[in-house]
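User: I have a model open and want a quick walk through it. Can you take my questions one by one?
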Number of protein chains: 2
Amino acid sequence: MRDVSVIGIGQTKVGEHWTTSLRHLAWEAIHAALADAGTEAVEAVYVGNMLAGALSRQQHLGALIVDFAGLRGVEAVTVEAADASGGAALRQAVLAVRSGAAEVVLVVGVEKVTDMVGASGTTAQVAAADADHEAVHGVTSAALGALLMRRYMHENGVELADMAGFSVNAHANAVGNPYAMFRRPLKASSFVKGSMVADPVNLFDSAPAGDGAAAVVLCPTEMAKDMVPSPVRVAASSLVTDAPALHDRADPLVLAAANTAAGRAYHAAGVVPGDIDLLELHDSFTVFAALQLEAAGFAQRGEGWTLAKNGDIGPQGRIPISTCGGLKARGDVGGGTGVYQAVEVVQQLRGAAGDCQVPNARRGMTLNVGGSGGTAVVHILESIE
Amino acid sequence: MRDVSVIGIGQTKVGEHWTTSLRHLAWEAIHAALADAGTEAVEAVYVGNMLAGALSRQQHLGALIVDFAGLRGVEAVTVEAADASGGAALRQAVLAVRSGAAEVVLVVGVEKVTDMVGASGTTAQVAAADADHEAVHGVTSAALGALLMRRYMHENGVELADMAGFSVNAHANAVGNPYAMFRRPLKASSFVKGSMVADPVNLFDSAPAGDGAAAVVLCPTEMAKDMVPSPVRVAASSLVTDAPALHDRADPLVLAAANTAAGRAYHAAGVVPGDIDLLELHDSFTVFAALQLEAAGFAQRGEGWTLAKNGDIGPQGRIPISTCGGLKARGDVGGGTGVYQAVEVVQQLRGAAGDCQVPNARRGMTLNVGGSGGTAVVHILESIE
């Protein structure tokens with residue numbers, strides 16, 4: 001089993017790209033990543049995408065995107081695991097290199113949610129939930145987030161204002177990220193005044209959907225050392241599932257898939273949570289940030305919210321999260337999210353995160369979650385000393 | 001790189017399963033495949049599916065299906081490459097075992113096209129084509145097939161009746177397959193009288209869409225020998241893309257992706273076309289069968305149709321195709337097709353194909369094509385002596 005490293009990254013600004021097509025967004029990220037890697041000798045491409053079939057009536061993105069990117073003929077498929085599609089695609093790319101099937105492999109996560117011709121965004125997104133037992137009743141992704149948030153507040157005696165720190169941190173970090181959708185800071189006093197989306201989840205509690213694409217180039221670590229000055233090693237990769245429907249879980253406030261995926265990744269990398277310098281988690285709603293900190297071993301059950309309250313999640317804190325804005329402020333790129341997370345961690349480990357830089361970042365983790373926890377993908381990335 | 005073998009297969013009957021849900025179809029195939037393999041110790045599941053997002057408003061099938069199949073928590077993702085999704089999922093499963101990430105891996109190809117709640121079947125299917133440059137003009141999958149068929153007839157001086165042999169062979173073979181959608185023979189004289197679908201493609205020239213699921217269990221060959229009496233070795237696996245849009249190709253009558261994928265597979269397996277005992281190809285329209293025989297080296301350019309005319313594709317012929325009915329008579333299971341093809345080849349190599357049996361089959365090939373040739377996936381499977 002070969003060791004794998006990242007040799008190139010690329011991304012587009014997240015936002016409303018009304019005049020840019022899905023394939024063009026993907027090309028922009030691919031072009032940047034290949035330039036960064038200094039090679040175009042890609043043998044396989046994995047596309048992370050969830051919504052193109054429903055919103056753009058376009059599937060078959062593998063063939064479509066490599067053709068448009070000037071890589072016609074290259075092996076390419078889409079990997080889908082709802083909002084965790086990007087992380088799942090990254091994992092398949094890692095396995096492709098490990099297996100010996102290819103040397104240089106590219107992952108691109110892309111989503112186009114504006115200018116849609118098919119279903120509504122709400123209808124498309126809730127396909128991550130259980131269609132027969134959740135969505136059929138009219139529930140939306142925000143409503144599922146609200147159910148979890150209400151229960152979390154009830155069990156742990158938490159007020160909405162106690163969650164403000166997650167969004168405040170994300171927005172503060174996004175100010176320094178030129179690729180972020182919203183680069184304005186958010187005050188805690190404004191957080192509680194957001195328009196209600198699905199009680200108790202309000203506007204400032206919810207990540208905005210945005211168009212965008214991010215790409216990562218991988219190759220065997222031995223090769224990487226000769227190709228780029230600062231390769232970043234994939235120390236661990238894991239993907240675990242759980243029941244997609246909230247009501248099917250033994251305890252909806254425990255993200256079992258995230259817990260197991262993180263545990264496997266720590267074991268594979270030979271580290272403990274305290275060894276992680278930054279964590280890009282899946283903060284589609286603030287309650288998910290709290291639950292993921294708990295599932296990944298950074299807080300006890302019911303105490304994830306305290307890390308947002310006491311500053312532990314800030315760039316100088318114990319476990320910096322959403323260091324480039326997270327889903328909340330960089331923007332929620334649906335099935336592309338997991339690849340953005342990897343790009344951001346690589347930037348940090350290279351010391352190239354600019355105004356978002358976490359001091360002395362040597363080891364970062366991504367936690368990409370599909371639906372309300374049905375899939376969790378974890379990658380641990382490390383600087384090569 | 002570890003050698004990989006098939007240790008279990010399962011499938012549902014293809015047809016209109018109005019009262020059976022997508023996840024239930026998948027479970028039925030998974031259950032049969034695991035019973036056949038004699039193990040439930042599955043570590044990863046790859047789902048081949050194209051249409052669930054559009055037709056059932058259900059994505060995130062990995063988590064959903066493993067949960068319903070009693071495998072909650074197991075790693076699972078969907079792999080999508082239009083109609084080649086099943087073959088693409090099989091390839092990812094092969095890579096997962098080769099990489100050492102898992103020992104026992106399951107692939108399930110599933111599609112549910114009846115009782116749909118989302119887009120129409122026609123709208124969903126044409127998402128395999130180029131949405132911005134083909135589908136936007138109102139073209140359908142059948143219309144793209146018709147464009148190719150018209151050109152093929154024109155260039156090669158072929159009449160509609162000359163193509164009859166493909167459908168006649170498929171229907172004759174399906175009579176012996178209890179899982180086939182249509183088990184009635186078709187006469188050549190009836191073929192030319194089919195209702196027109198998209199001139200010159202008629203009803204008997206077109207494969208019928210059906211619900212169904214098929215599953216395959218893989219593990220390292222060394223382990224397989226201890227687990228089952230007749231493991232079937234994956235001698236080669238390849239996936240190649242081409243421009244999804246017909247008008248983007250240098251020559252629309254050359255399926256370049258299928259040609260390259262087959263060539264790579266022959267090279268990897270150390271064989272030539274003459275060593276292949278049977279070929280499950282992607283006969284969604286008869287012209288595709290002809291073009292694929294040419295692309296895979298069984299006929300010269302423009303001469304694929306002659307194999308259907310002279311009996312070369314029959315069970316006793318030079319290169320038997322659609323041995324269990326193919327897409328034309330077993331039914332076109334969309335993104336599940338590639339897994340059905342693998343199940344059928346394994347049956348043949350085990351000598352367990354019943355009334356469909358090809359005499360002395362030792363080596364079989366699958367050719368799973370997405371869209372009108374944008375993706376081609378080839379697997380060569382061999383009996384272990």
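Analyst: Start in chain B, where B:Ile9 stands opposite B:Val216 in strand 7. Strands here are DSSP runs of E with at least two residues, helices are runs of H or I with at least four residues, and both are numbered from the N terminus. This is a predicted model: local features need pLDDT of at least 70, side-chain atom pairs count only at pLDDT 80 or more, and totals for chains, interfaces and linings use all residues. Residues are numbered from 1 along each chain as its sequence is written, and chains are lettered from A and ligands numbered from 1 in the order in which they are written.

User: How many bridges pair strand 1 and strand 7 of chain B, and in which sense?
Analyst: Seven bridges, antiparallel; strand 1 of chain B pairs that way with strand 7 (residues 212-220). Two strands pair if DSSP finds at least two bridges between them.

User: What about strand 1 and strand 8 of chain B, how many bridges there?
Analyst: Two bridges join strand 1 (residues 4-11) to strand 8 of chain B, and these strands also run antiparallel. B:Val6 has B:Val232 as its bridge partner. B:Ser5 is partnered by B:Arg233.

User: And strand 8 with strand 11 of chain B?
Analyst: Nine bridges, antiparallel, with strand 11 covering residues 375-383 of chain B. One of the partner pairs is B:Val234 and B:Leu381.

User: How many residues of strand 8 of chain B are buried?
Analyst: Ten of the ten residues in strand 8 (residues 232-241) of chain B are buried, so this strand is largely enclosed by the rest of the structure. A residue is buried if 20 or more other C-beta atoms lie within 10 Å of its own, exposed if 12 or fewer, and partly exposed in between, with C-beta atoms placed from the backbone. Strand 1 of chain B is likewise largely enclosed, because eight of its eight residues are buried.

User: Switching topic. How is chain A related to chain B?
Analyst: A rotation of 180° with 0.0 Å of shift along its axis superposes chain A on chain B, RMSD 0.0 Å. The two copies are therefore related as by a two-fold rotation axis. In chain A, the C-alpha of A:Ser99 is nearest the axis, at 1.8 Å.

User: What's the make-up of chain A itself, in helices and strands?
Analyst: Chain A has 14 helices and eleven strands. Of its 385 residues, 67% count as buried. The C-alpha atoms fill a box of roughly 55 × 45 × 40 Å along the principal axes.

User: Which residues have the most contacts inside the largest nonpolar core?
Analyst: A:Val108 and B:Val108, in a core of 311 residues. Such a core is a set of buried Ala, Val, Leu, Ile, Met, Phe, Trp, Tyr and Cys residues joined through C-beta atoms within 7 Å. Leaving out residues up to four places away in sequence, A:Val108 touches A:Ile30, A:Val47 and A:Val339, among others.

User: Where is the cis peptide bond in chain A?
Analyst: From A:Asp199 to A:Pro200, with omega near 10°. A:Pro200 sits in the loop between strand 5 (196-198) and strand 6 (201-202) of chain A. In chain B, a cis bond joins B:Asp199 and B:Pro200, with omega about 10°.

User: What is phi at A:His60?
Analyst: Near 60°, a positive value in a residue other than glycine. A:His60 lies in the loop between helix 2 and helix 3 of chain A. A:His60 counts as buried, because 31 C-beta neighbours lie inside 10 Å.

User: And A:Ala82, what is phi there?
Analyst: About 55°, positive although A:Ala82 is not a glycine. A:Ala82 is in the loop between strand 3 and helix 4 of chain A. A:Ala82 is buried, with 32 other C-beta atoms within 10 Å.

How values were computed: Contact = placed C-beta atoms within 7 Å. Least-squares fit on C-alpha atoms with pLDDT ≥ 70 in both.
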